[in-house]
Amino acid sequence: LTLAMIALSLVLIVAAPALVIFLAPSFGAEARSLAVDLSRVMAFCVLFLGLASLLTGVLNVQERFVWPALAPLVLSGTAIAVMLLGWRALGIHSLALGMLVGTLGMVLWQAPVALRAGARYAPCLDLGQEGVRQFTRLAGPLLLGTAILNIPGIVDRMVASGLPEGSLSALDYAGRVMQLVFSLFMPSLITPLFPSLSLFSAQNDQ
């Protein structure tokens, strides 16, 4: 998984110009160039978000919910701090750098707790291992479902890229307001419930 996320990050760096053209076809040359630069700065957020999610899963399985629940605050706080410290020197690039450092912060925030809980990492590439095959079987439908759910948002952004300046930001803010209730209540219910349901399922206890 780590190797796959590193590879995906590198692909995003190389393919950033084509992706920006696809996702924001109506951007002018200046906006497109800036979007490519910012995308490349944030490309390795994919790796750090993936590792942070992996650590969250490890901790949630052991019913340690507090540290993973606070990880998004680490992301936001770090991103804001980097932006405030770097705005004069880096301008808008400080936002992208803040996101990159913030996602790394999520990993560093959870890693010591996971280590204390007994989690260990040893580099291994065994694609024939049963756990890897099971993960692949389970991840496929999940990735497909996530991709389908993201299609409307992609189309919205493609259209908004051709509207007056600020339209993309307005669209994002509207989406956040729409998701506010869900974001406040659903994760706090799902996070502790899901490991318990998974355990019952593994024990064939319907």
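Val-155 sits in helix H6, which spans residues 130-160; helices here (H or I, at least four residues) and strands (E, at least two) are DSSP runs, numbered from the N terminus. The model is a predicted one, so local features need pLDDT of at least 70 and side-chain atom pairs count only at pLDDT 80 or more, while totals for chains, interfaces and linings use all residues. Residues are numbered from 1 along each chain as its sequence is written, and side-chain values use heavy atoms, with hydrogens and water left out.

As for the overall picture, the chain has 8 helices and 0 strands, giving the pattern α-α-α-α-α-α-α-α when read along the sequence. Its C-alpha atoms fill a box of roughly 55 × 40 × 35 Å, taken along the principal axes. Of the 206 residues, 21% are buried (buried means under 20% relative accessible area, exposed over 50%, and partly exposed in between, with a 1.4 Å probe and protein chains only).

Back to Val-155: this residue counts as partly exposed because its relative accessible area is 42%.

Next, the helix packing. The axes of H3 (residues 45-61) and H5 (residues 93-116) come within 8 Å and cross at roughly 25 degrees, which makes H3 roughly parallel to H5. Axes are lines fitted to C-alpha atoms, for helices over the stretch in contact, and angles run from 0 to 180 degrees between N-to-C directions. Angles under 35 degrees count as roughly parallel, over 145 as roughly antiparallel, 65 to 115 as roughly perpendicular and the rest as oblique. H3 also packs with H1 (residues 2-23), at an angle of about 155 degrees and with the axes 8 Å apart, so H1 and H3 are roughly antiparallel.

Finally, Ser-188 lies in helix H8 (residues 180-202). Ser-188 is partly exposed, with a relative accessible area of 47%. Its C-alpha atom is separated by 23 Å from that of Leu-138, 50 residues apart along the chain.
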